Amino acid sequence: KVFNFQHNHTDKNNVSAHYVIESVSRAAQKLSLAGHGALIVIERKNSLADYKHTGSVIDAVISPDMLCSIFYKGTALHDGAVIIRDGRIDSAACVLPMTSRVDIDSELGTRHRAAIGTTELTDAIVVVVSEETGNISLSRDGELQRGFTYSSLRAALKDILVPVEKKPKRSRGRAAKNATSAKSAKPAEKKKPESADGSTQD
């Protein structure tokens with residue numbers, strides 16, 4: 001069972017999709033400012049089990065501080081990717097497939113190539129923080145967008161992962177029926193004033 005963003009929560013720990021998005025966006029901002037690289041993968045419908053097994057199982061509640069602690073230089077898990085599944089940090093130090101494309105900017109490093117490679121093969125969303133430049137990028141469907149801030153990354157993730165709820169449309173048949181009923185209703189007759197002797201006046 002994968003994390004269902006359409007329901008905005010997980011049955012396991014009731015973590016909202018909005019909190020996952022907030023945690024990832026805030027962590028990316030902090031890591032960017034601190035000069036630490038990061039590779040964060042959000043699993044969707046396609047299973048990432050094959051990549052999960054290349055790293056270490058974490059199974060921890062997600063938070064900005066937890067994500068940052070994993071990617072700080074010198075920690076045992078900072079190399080490789082973090083995989084988020086069911087609204088939790090599922091695993092870390094995972095090895096991802098790198099793209100074989102040759103038309104990619106030569107400035108892009110291993111993390112960016114791994115992000116593109118993963119999203120070429122799955123429907124996952126991958127957030128990358130460059131260790132060299134602090135640039136925040138987002139990969140989806142084999143494409144990479146760069147230059148995100150905390151706010152723009154948060155908005156982009158929300159657009160992708162949280163569907164907009166549409167208000168139910170009012171039935172046209174019922175509306176037409178109500179309009180017809182209102183149209184056919186006769187106005188109330190005005191009561192003629194009575195004279196002092198009780199007779200009506202024209």
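1. Surface. The protein chain has an accessible surface of about 12200 Å², and carbon and sulfur atoms account for 50% of that surface. The model is predicted. Of the chain's 202 residues, 41% count as buried.

2. Overall build. The chain holds 6 helices and 7 strands. In sequence order the elements run α-β-α-β-α-β-β-α-β-β-β-α-α. Contacts reach across the sequence: among those between residues at least 6 apart, 59% join residues at least 24 apart.

3. Helix α1 against helix α3. Two packed helices are described by the angle between their axes and the distance between the axes. For α1 (residues 17-34) and α3 (residues 64-71), the angle is about 45° and the axes lie 8 Å apart. The two helices are therefore oblique to each other. The crossing of α1 past α3 is right-handed.

4. Residues of that contact. On the α1 side the contact uses Y19, S23, V24, R26, A27, K30 and L31. On the α3 side it uses P64, D65, L67, C68 and F71. By class, this contact of α1 with α3 comprises 8 nonpolar, 1 polar and 3 charged residues.

5. Helix α1 against helix α5. Helix α1 also packs with α5 (residues 150-161), at an angle of about 150° and with the axes 9 Å apart. An angle over 145 degrees counts as roughly antiparallel, so α1 is roughly antiparallel to α5. Here too the handedness can be stated: α1 passes α5 in a right-handed crossing.

6. Residues of the second contact. From α1 come H18, I21, E22, V24, S25, R26, A28 and Q29. They meet Y150, L153, R154, L157, K158 and L161 of α5. The contact of α1 with α5 divides into 7 nonpolar, 3 polar and 4 charged residues. V24 and R26 deserve a look in both lists: they take part in the contact with α3 and in the contact with α5.

7. Backbone at D86. Most residues other than glycine have a negative phi. D86 is not a glycine, yet its phi is positive, at about 55°. Where does D86 sit? Its place is the loop between β3 (81-85) and β4 (88-94). Is D86 buried or exposed? Its relative accessibility is 17%, so D86 counts as buried, the cut-off being under 20%.

8. Backbone at A93. A93 is another non-glycine residue with a positive phi, here about 60°. A93 is found in strand β4. Both sites can be checked by eye in the model.

9. Strand β2 at S56. S56 belongs to strand β2 (residues 56-61). Its relative accessible area is 32%, so S56 is partly exposed. Which residues does S56 contact, leaving aside neighbours within four places in sequence? They are L77, D90, S91 and A92. The C-alpha atoms of S56 and D90 are separated by 8.7 Å, with the two residues 34 apart along the chain.

10. Helix α4 at T110. T110 lies in helix α4 (residues 110-121). T110 has a relative accessible area of 56% and is therefore exposed. M98 is 12 residues from T110 along the chain, and their C-alpha atoms are separated by 7.6 Å.

Definitions and conventions. Residues are numbered from 1 along each chain as its sequence is written. This is a predicted model: local features need pLDDT of at least 70, side-chain atom pairs count only at pLDDT 80 or more; totals for chains, interfaces and linings use all residues. Side-chain values use heavy atoms; hydrogens and water are left out. Axes are lines fitted to C-alpha atoms, for helices over the stretch in contact, and angles run from 0 to 180 degrees between N-to-C directions. Helices (H or I, at least four residues) and strands (E, at least two) are DSSP runs, numbered from the N terminus. Angles under 35 degrees count as roughly parallel, over 145 as roughly antiparallel, 65 to 115 as roughly perpendicular and the rest as oblique. A crossing is left-handed if the near helix is turned anticlockwise from the far one by less than a right angle, and right-handed if clockwise. Contact means heavy atoms within 4.5 Å. Ala, Val, Leu, Ile, Met, Phe, Trp, Tyr, Cys and Pro count as nonpolar, Asp, Glu, Lys and Arg as charged, and the others, Gly among them, as polar. Buried means under 20% relative accessible area, exposed over 50%, partly exposed in between (1.4 Å probe, protein chains only). Accessible areas come from the Shrake-Rupley method with a 1.4 Å probe; for residues, only the protein chains shown count as cover.
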